[in-house]
Amino acid sequence: MSVWVGIDLGTQSVRALAVAADGRVLGTGSRPLTSHRDGPRHEQDPEQWWRELATATREALRGVPGGERVEGVAVDATSGTILLTDAGGRALTPALMYDDRRADATRANEAGAAVWERLGYRRMQPNWALPKLLWLLRDAPRGARAAHQSDFVNRRLVGHDVATDLSNALKTGVDLIEERWPEEVFDALGVPEGTLPRVVRPGARLGTVCAAAAEETGLPEGTPVIAGTTDGCAAQLGAGARRPGSWNSVLGTTLVLKGVTKELIHDPLGVVYSHRAPDGSWLPGGASSTGAGVLSRDLPGADLDALSRQAAERYGRRLPPAVTYPLVSRGERFPFAAPGAEGFTLGEPADDVERYAAILLGAAFVERLCFDYLDLLGAPVDGEIILTGGATRSAYWTRLRADVLERPVTLRENAEPALGMAVLAGGDPDAMIRTSAVVEPVDTGVREPYLRFVAELEERGWLDGRAAAHARERTAR
């Protein structure tokens with residue numbers, strides 16, 4: 001039997017899965033990672049990534065029966081994390097993580113304005129990889145090289161220099177249309193020649209596991225090492241959202257939507273940007289600041305499972321009477337950019353069950369508004385909607401989201417990023433990705449309360465008038 005290994009190199013842990021051709025997980029391994037945080041600073045030790053990845057992979061492979069053949073391995077990593085290495089791949093700096101905000105994006109945006117506009121995201125943020133790379137290069141020794149999180153461990157796996165993938169290179173300024181570094185931008189920024197690795201599409205073969213890596217990880221020497229993606233794209237692959245018009249909606253602490261389009265989507269507000277898929281199509285998406293994170297703030301110590309059951313008993317498939325715009329902190333990123341946005345509640349919840357249901361309804365309304373905004377941009381949104389993330393543990397919330405979207409929603413048996421990497425490493429997605437349920441919507445009279453919510457966002461000056469008008473027009477169809 002053939003086996004593929006997927007590795008998810010995240011923020012808090014590294015997780016490895018050994019997956020059979022029919023989707024059965026034969027072995028798992030997980031190891032914690034340590035961060036160093038101080039205000040805008042967020043660093044990790046790259047050597048710890050390798051040590052814990054090797055341990056997690058050995059753990060996963062212990063579950064694989066003897067005689068099975070490991071056909072490939074792929075690694076995903078956090079988007080925008082970067083460090084400097086020497087020519088031998090040894091770390092010269094700590095890794096600046098995806099949310100390290102000590103850099104300034106002004107120079108990068110001035111030099112690359114035309115390219116960033118053409119690529120559809122318009123401006124880089126201070127936590128993106130290119131501003132952080134410029135910050136690191138100020139005091140770098142001659143010959144220092146840039147490496148994304150996945151590049152560092154992939155080099156250890158194969159034992160020589162490796163290309164980076166277009167997905168992890170997005171926030172370093174790669175030209176996703178021409179699939180190359182925009183040399184004119186990097187020349188203007190004074191980035192030395194040879195600093196950046198080659199670029200390939202996710203799914204390209206980088207090399208094979210070398211003898212030293214085989215001894216440390218348990219992966220057989222000669223196993224193909226495949227270029228991975230960012231963790232968000234890996235989760236999308238694991239969810240099976242791979243056809244144009246299909247979308248993966250991930251609802252946990254925050255809400256993230258990622259879909260598939262044939263053409264590059266341009267967003268005048270810059271809240272949606274696109275990765276490049278292995279087959280050359282596009283993976284647009286956006287991340288909201290809303291989500292389940294507000295539950296622990298507004299309902300501290302509450303039994304959320306019990307509240308979910310009580311809400312289901314009280315409301316069934318009816319909408320709750322109040323709705324909360326669930327922001328944990330000030331500011332919204334998607335489906336609109338509003339640094340001053342703050343949470344609010346329409347209606348007066350009478351008890352914790354109503355407060356809980358109001359938060360869930362608000363997140364569902366934001367999710368619907370995200371799809372309205374994507375439709376406004378011209379993205380196809382008529383395909384399968386796949387729900388993943390911690391919110392899917394609540395059957396009530398899942399049914400509520402289907403009713404608010406007025407669309408069927410699909411749940412998967414397993415949709416974690418490491419599974420997406422096993423698929424990218426060569427596994428058959430039709431066999432590996434299994435559907436656990438499809439939830440059909442019922443008519444709850446959602447349109448009027450949804451449009452009141454949209455009007456409130458517009459009146460507060462957060463939601464663009466054109467986006468609000470399109471939500472009304474699309475609701476009336």
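A cavity, in the sense used here, is a set of grid points where a 1.4 Å probe fits but cannot get out. In this predicted model, a search of the whole structure finds one such cavity of 30 Å³ or more, and about 30 Å³ of space lies in the largest cavity. Its lining is made by Gly-316, Arg-317, Arg-318, Tyr-396, Arg-399, Leu-400, Asp-403 and Thr-444, a set that divides into two nonpolar, two polar and four charged residues.

Two packed helices are described by the angle between their axes and the distance between the axes. For helix H11 (residues 352-376) and helix H16 (residues 465-475), the axes come within 9 Å and cross at roughly 100°; since angles of 65 to 115 degrees count as roughly perpendicular, H11 and H16 are therefore roughly perpendicular to each other. On the H11 side the contact is made by Arg-368, Leu-369, Phe-371, Asp-372, Tyr-373, Asp-375 and Leu-376, and on the H16 side by Arg-466, Ala-467, His-470, Ala-471, Arg-474 and Thr-475. Taken by type, the residues of this contact comprise six nonpolar, two polar and five charged.

The sheet to consider next is an open one, formed by six strands in the order E3-E2-E1-E6-E13-E12 with mixed pairing. Strand E3 (25-32) and strand E12 (205-208) stand at the edges, and because each has a single partner strand, one side of each is left without a neighbour in the sheet. From one strand to the next, the twist averages 20°. Within the sheet, strand E1 (residues 2-9) and strand E2 (residues 13-20) run antiparallel and are joined by seven bridges; Gly-6, for instance, has Leu-17 of E2 as its bridge partner.

Helices also pack against these strands. Helix H1 (residues 46-61) lies across E1, E2, E3 and strand E6 (69-77), running at about 155° to E3. Helix H4 (residues 149-158) likewise packs on the sheet, where H4 touches E1, E6, E12 and strand E13 (224-226), and the direction of H4 makes about 150° with that of E6.

Note on methods. Residues numbered from 1 in each chain as written. Predicted model: local features only at pLDDT ≥ 70, side-chain atom pairs only at ≥ 80, totals over all residues. Heavy atoms only, no water. Axes fitted to C-alpha atoms, helices over the stretch in contact; angles between N-to-C directions. Helix = DSSP H or I, 4+ residues; strand = E, 2+ residues; numbered from the N terminus. Parallel < 35°, antiparallel > 145°, perpendicular 65-115°, else oblique. Contact = heavy atoms within 4.5 Å. Nonpolar A, V, L, I, M, F, W, Y, C, P; charged D, E, K, R; others polar. Pairing = 2+ DSSP bridges. 1 Å grid on protein atoms, 1.4 Å probe; cavity = no way out; pocket = protein on both sides within 12 Å on 5 of 7 lines; lining within 4 Å. Points joined across faces, edges and corners; volume = space filled by probe spheres on them.
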